[in-house]
Amino acid sequence: MALAPTPPQQRPTMRHSSAFLLPPPSPSSSPAPGGGPADAATVALVVLNQPLPRFAPLLWSRGNRPAARLLLLKSFSACSALRVCADGGANRVFDGMPELLPGQDAGEVRARYKPDVIKGDMDSVRPEVKEYYSNLGTKIVDESHDQDTTDLHKCISFIAKNSTFADKSNLCILVLGALGGRFDHEMGNINVLHIFPNINIILLSNDCLIFLLPRTHTHEINVERSIEGPHCGLIPIGMPSTSTTTTGLRWNLDNTSMSYGGLISTSNIVEEDKVTVTSASDLIWTISLQN
Ligand SMILES: Nc1ncnc2c1ncn2[C@@H]1O[C@H](COP(=O)(O)OP(=O)(O)OP(=O)(O)O)[C@@H](O)[C@H]1O
Ligand SMILES: Cc1ncc(C[n+]2csc(CCO)c2C)c(N)n1
């Protein structure tokens, strides 16, 4: 017998925040308000084979300095506990980190930004990059036998199996370079959100971020208006939503149905610091990032 959907008023609330993108607080300032998935979350970083977003060094190295780590743990805890490169993503770290930090010695930067793992079908990582990181102790996981799942999918499976992240409710996976490239790859990356609906995965590019809002929860999205918005979208991918209700947007939905081929919410505008969303189907939330 099919279970009846949970009535909207009985769903637990899931809180989201992009506070992990804020510049690190200065030691003298009081902790940022924080909140959301990154609040006391363990963060894993996945780098894809796309130009590194400008905030890649910030997200990568937050956890390296003990003092900063402590401070951040109290505020928004965006320390990357595990850094995984999806195949050719390793080339992007090797080439891109020195480019993003031009005032610093390239060799020193390269050695500092060492991935923990390179995983994928290994048809894109350059041999010298693989050897360089392997010599520094990076774990290389060759899954060239699997030509049915994407490298991002392989990386998320790897992180999900890692015992450090036994408590999935406390895990936040930030995926760098997921958007703004080849459309088949972008769709594959968004599909991964639907394959792992119970893991908090955030797809990032320089221009926007995307995450899944599972239908099982009411969502409270704390908008960091100094760095994100105002443009946003709510999109049902894969199946229509018979009912979505929102607050905090210029064009709110009120028990409204959405479907591909019918109404979807694009070019919407965030009007309040907090946006709430309840929906009968899983939705994709996307918001612009300010440059
Ligand atoms: N142009 C792109 N746009 C968005 N995501 C990308 C793009 N290129 C790669 N990716 C992401 O980075 C991951 C690793 O990329 P890589 O190029 O190593 O994969 P690949 O399997 O060799 O790709 P393909 O053989 O289809 O070119 C991919 O699984 C995908 O998630
Ligand atoms: C129906 C179908 N379409 C495409 C592929 C190809 N493919 C999908 S993921 C992947 C690995 C990329 O690193 C490859 C080659 C497939 N296997 N099955």
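## Two domains

In this predicted model, the centres of domain 1 and domain 2 are 25 Å apart, going by C-alpha atoms. As for where they run, the domain assignment gives 35-206 to domain 1 and 207-291 to domain 2.

## Where the domains touch

Each domain brings its own set of residues to the contact: 14 residues from domain 1 and 14 residues from domain 2. Look at the domain 1 side, and you'll find that the elements giving two or more residues are helix H7 and strand E7 (200-204). Strand E7 makes the largest share of that side, with four residues.

What kinds of residues does domain 1 put against domain 2? That side has eight nonpolar and six polar residues, and no charged ones.

## Around the ligand

Now over to ligand 1, which has 21 residues surrounding it. If you want to spot the closest ones, look for Asn49, Asp87, Gly88, Ser124 and Gly181. By class, the shell is made up of eleven polar, six charged and four nonpolar residues.

Which helices each supply at least two residues of this shell? They are H6, covering 151-161, and H7, covering 183-195. Helix H7 gives the largest share, four residues.

## A helix to keep an eye on

Helix H7 turns up in both parts of this tour. It gives four residues to the shell around ligand 1, and it also gives two or more residues to the side of domain 1 that touches domain 2.

Terms used: Residues numbered from 1 in each chain as written. Chains lettered and ligands numbered in written order. Predicted model: local features only at pLDDT ≥ 70, side-chain atom pairs only at ≥ 80, totals over all residues. Near = placed C-beta within 6 Å. Nonpolar A, V, L, I, M, F, W, Y, C, P; charged D, E, K, R; others polar. Domains from an automatic or database assignment. Contact = placed C-beta atoms within 7 Å.
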